Amino acid sequence: MNLEEFAGIITEKLQEKAGSGYQVERRMAVRNNQVMKMAVGAGNGTGPFMTLTGIEPYYMEYLHGNMDVEEAVEDICRVLGLDGGDRDPGMEAETLYDYRKIKDRIIFRLVSREKNLDMLQDIPHIPFLDLAVEFQLLLGENGWGQKAVMVDWELCRKWQADPRDLMDQAARNMLRLCPPAIVPVQERIKEILETCSMAEKVRKEQYDRMEKMKERIPLYILSNQREIHGASAILYPGVLKKYADMLGRDLIILPSSIHEVLLVPSDEGIHVCALLKMVQQINASEVLPEERLSDQVYLYQRGADRIVMAGESTD
């Protein structure tokens with residue numbers, strides 16, 4: 001069964017479960033970096049938005065034998081609010097258009113400005129270096145991502161808010177809804193090793209190697225506790241400042257993906273050109289197109305409490 005066939009069956013079964021009160025549609029949805037992905041959505045006419053969720057993650061689980069069609073339908077029903085539970089009041093027009101009721105759900109996400117030019121023309125955003133800050137309403141999540149609605153200019157007009165208002169509110173919300181998380185790269189590798197099948201002696205040798213690497217290369221991962229769009233954490237108030245002050249160094253920021261960045265204490269022996277080449281190569285070969293953030297390298301200057309492009313003047 002190919003993806004189109006799988007999506008067709010899922011849509012039919014969802015419509016059967018939803019009944020005549022909902023319209024279930026399959027469509028191609030524009031994701032980050034203008035990447036088109038197959039999605040399914042459902043609406044009942046009471047709200048201005050149709051909730052969408054991607055089909056491809058379910059299809060991959062189906063291909064790997066981890067989920068059958070009925071299990072996929074049940075989970076999508078839950079995500080779309082078709083499982084008989086109460087409909088999320090945040091999706092109703094009366095709530096969405098009332099800024100006082102919805103403002104605590106506003107979050108921001110950091111995306112590539114160049115790769116999202118068309119989308120950014122139609123939504124409120126704040127340029128940041130070669131990136132852009134966009135805004136969404138967080139309504140929930142499933143195993144593969146967050147259930148969110150993009151904030152557009154219509155919502156801004158209803159709220160009588162501008163992008164700076166959204167940024168101020170979202171910055172407060174992010175620390176509560178998506179708390180930051182900083183862990184050594186070696187700790188993440190250890191977590192992976194613990195799930196691998198290997199002799200205990202070999203595992204211990206790998207752990208020892210990780211500890212020695214930690215002493216030579218103090219590399220850290222910055223994301224959020226959800227590990228979804230965690231690169232946005234570089235803009236959380238005080239997060240980089242606190243960490244840089246603890247180390248007593250400026251920080252080099254390597255954009256691993258939209259979900260996380262790597263932090264390296266700045267050192268005179270570090271060559272920005274080599275780091276740029278590394279980031280570009282990894283983006284091209286290892287990172288999915290819809291998850292790429294930037295080919296640039298950034299520097300957090302703790303004295304000025306600001307992020308600049310690495311190599312820029314510190315004046």
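1. The side chains of Glu4 and Arg26 form a salt bridge, with N to O at 2.9 Å. Glu4 sits in helix 1 (residues 3-18) and Arg26 in strand 1 (residues 23-30), so the bridge links distant parts of the chain, 22 residues apart. Glu4 is partly exposed at 47% relative accessible area, and Arg26 is partly exposed at 37%. The model is a predicted one.

2. Lys37 and Glu56 also meet through their side chains in a salt bridge, at 3.4 Å from N to O. Because Lys37 belongs to strand 2 (residues 36-43) and Glu56 to helix 2 (residues 56-63), the pair ties together parts 19 residues apart in sequence. Lys37 counts as partly exposed at 21% relative accessibility; Glu56 is partly exposed at 25%. A network of salt bridges links Lys37, Glu56 and Glu290.

3. A salt bridge joins Asp245 to Arg302, with the closest N and O atoms 3.2 Å apart. Asp245 is in helix 11 (residues 239-247), while Arg302 is in the loop between strand 12 (298-301) and strand 13 (306-309); the two are 57 residues apart. Asp245 has a relative accessible area of 37% and is partly exposed. Arg302 is partly exposed at 28%.

4. Over the whole structure, a search finds 12 salt bridges.

5. Gln136, in strand 6 (residues 131-142), has 7% relative accessibility and therefore counts as buried, the cut-off being under 20%. The side chain of Gln136 makes a polar contact of 2.7 Å with that of Arg109. Leaving aside neighbours within four places in sequence, Gln136 has contacts that include Arg105, Ile106, Ile107 and Arg109, as well as Ala148, Val149, Met150 and Val151.

Conventions
Residues are numbered from 1 along each chain as its sequence is written. This is a predicted model: local features need pLDDT of at least 70, side-chain atom pairs count only at pLDDT 80 or more; totals for chains, interfaces and linings use all residues. Side-chain values use heavy atoms; hydrogens and water are left out. Helices (H or I, at least four residues) and strands (E, at least two) are DSSP runs, numbered from the N terminus. Buried means under 20% relative accessible area, exposed over 50%, partly exposed in between (1.4 Å probe, protein chains only). A polar contact is a pair of N or O atoms within 3.5 Å; within protein, one must be able to donate a hydrogen and the other to accept it, and residues adjacent in sequence count only if both atoms are side-chain atoms. Contact means heavy atoms within 4.5 Å. A salt bridge is a side-chain nitrogen of Lys or Arg within 4 Å of a carboxyl oxygen of Asp or Glu.
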